[in-house]
Amino acid sequence: MKRVLLIAIVFIFAGMGAWPASAQNPSTIFIQNATIFTVTQGNIEHGGILIRDGKIAAVGKDLKAPDGVAVIDATGQYVIPGIIDCHSHIAVDGSVNEGGPAVSSMANIADVLNPEDISIYDDLAGGVTSANILHGSANPIGGQTIVIKLRWGKPASALPFEGALPGIKFALGENPKRSGFTPPPGIPPRYPATRLGVEEVIRQAFIEATEYKKQWDDYNARRAAGEQGLVAPRRNEQLQPLVEVMEGKRYVHSHCYRADEILMLMRVAKEFGFKVRTFQHVLEGYKIADEIAASGAGGSTFSDWWGYKVEAYDAIPYNAALMTERGVVVSINSDDAQEARQLNQEAAKSMKYGGMTANDALKMITINPAIQLGIDKRVGSIEVGKDADLVIYNHDPLSVYAVAQQTLIDGQVYFDRQKDLAGRAALEKEKQDLLAKEKKAAEEKKDEDKKAGDKAGAKPDAKKKPDPKKKPPQDANGSASAVAGGAL
């Protein structure tokens with residue numbers, strides 16, 4: 001019954017924010033009278049955005065709404081591209097860590113996407129439209145990652161961002177060497193247990209992947225040459241994703257903190273001919289910003305998190321600004337469903353710590369993470385031809401007073417604050433009705449169990465008088481037996 005209640009509440013939320021596929025959510029929408037932060041082409045006062053079939057068809061100053069289109073009046077409001085979170089763990093069914101082996105590249109987050117996770121709706125309310133969903137950091141080489149759009153109310157199959165290159169999670173430091181993890185009695189500690197062991201695990205995995213790739217390259221070459229009777233190498237699901245990394249078909253996103261470990265992974269990547277796409281967290285990135293920029297990697301960091309474990313003690317709130325100054329493409333990420341709801345404010349902190357401009361701060365939650373994820377041709381800025389993934393705020397989006405009013409993905413409104421507020425009373429009533437039904441069902445079951453227990457444990461009446469017509473058992477002499485007479 002509890003699961004039925006949860007599912008019911010989830011689908012009530014689904015109906016609150018997203019317009020149904022009807023005239024309420026038309027294929028053509030016009031947003032008028034807005035202050036538009038395009039991110040890449042300057043700001044537009046009193047601007048308009050024409051959306052047609054999920055794409056931005058026109059954007060500019062003093063545009064007029066075509067006849068017959070749905071109009072969103074954004075007078076006094078602000079429009080920015082949908083926020084992109086480059087490090088998220090929402091929408092995952094169960095744990096994000098497959099922590100048994102040191103190399104869990106065969107595990108795939110795409111297989112466990114959960115479209116009913118309420119964090120999807122919550123993050124939409126904070127303006128997030130796309131997110132990079134990562135495996136956890138328990139392994140030097142973790143599981144495969146996937147970029148999704150927060151299409152709340154749609155099935156899991158509709159969440160993946162079409163055409164986005166998949167990724168894989170690496171991790172360095174305290175987490176993969178399990179500094180704070182003690183195995184249960186009888187379970188031996190997992191290798192590695194040191195930072196140098198983490199490096200060796202990654203290198204050995206790529207040595208094996210290189211040999212595996214050579215076997216397949218030889219087989220494919222001989223097959224292309226017309227050789228008959230060939231037997232294909234056995235497919236290895238653990239090594240195949242690493243081959244894709246070396247072939248540039250899969251991005252590496254690496255959890256990290258310390259400068260020495262970041263340099264280590266860049267050396268290993270150079271040795272095996274691949275690139276790290278993003279260093280995640282990268283709290284000491286400011287120390288080696290030039291080296292990160294030269295490698296072509298991006299940095300996806302926190303705004304001002306510090307000191308929550310030993311390897312985070314050298315974190316500074318100037319990190320994002322200093323890396324940006326040295327040429328690193330930097331994004332601000334959440335790593336937390338609640339934090340994702342105020343990524344606009346997290347980005348704004350770099351205006352205080354580092355003197356970044358407002359536009360550069362906005363880039364760190366829009367176009368920069370889009371570049372890092374390879375989806376910047378589709379999202380990250382407000383330009384003609386791009387996906388209509390947009391957020392409408394009631395105040396300047398970098399203000400602490402800014403609250404998302406509407407969030408659009410592919411030109412559809414998936415979150416509408418006014419509809420959310422208006423629907424809360426009905427939601428609360430339905431919730432209470434469901435709880436009442438659950439309580440009643442529990443009470444009825446309790447009564448049924450009690451009746452069944454009473455019936456099963458019923459005893460014969462001890463005061464019941466014997467039947468005078470019924471004779472007691474007789475012995476051979478015709479006398480009542482001792483047992484019947486109670487003479488024992």
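Two rings of Phe, Tyr or Trp (for Trp, the six-membered ring) are counted as a pair if their centres lie within 6.5 Å. In this predicted model, a search of the whole structure returns 12 aromatic pairs.

Begin by selecting phenylalanine 206 and phenylalanine 274. Their ring centres are 4.6 Å apart and their planes meet at 15°; because planes under 30 degrees apart count as stacked, this pair is stacked. The two residues come from distant parts of the chain, 68 residues apart: phenylalanine 206 belongs to helix H3 (residues 195–224), whereas phenylalanine 274 lies in the loop between helix H5 (259–272) and strand S11 (278–281). Phenylalanine 206 is buried, at a relative accessible area of 0%, and phenylalanine 274 is likewise buried, at 5%.

Together with Phe206 and Phe274, they make up one aromatic cluster.

The crossing is right-handed. To view the contact itself, select Arg195, Glu199, Ile202, Arg203, Phe206, Ile207 and Thr210 on H3, which meet Glu261, Met264, Leu265, Val268, Glu271 and Phe272 on H5.

Finally, turn to two places where a charge sits over a ring. At phenylalanine 181, the charged end of arginine 178 lies over the ring, 4.5 Å from its centre. At tyrosine 353, the charged end of lysine 352 sits over the ring, 5.5 Å from its centre.

Note on methods. Residues numbered from 1 in each chain as written. Predicted model: local features only at pLDDT ≥ 70, side-chain atom pairs only at ≥ 80, totals over all residues. Heavy atoms only, no water. Phe/Tyr/Trp six-rings, centres within 6.5 Å; stacked < 30°, edge-to-face > 60°. Helix = DSSP H or I, 4+ residues; strand = E, 2+ residues; numbered from the N terminus. Buried < 20%, exposed > 50% of the residue type's maximum accessible area, 1.4 Å probe, protein only. Lys NZ or Arg CZ within 6 Å of the ring centre and 35° of its normal. Left-handed = near helix turned anticlockwise from the far one by under 90°. Contact = heavy atoms within 4.5 Å.
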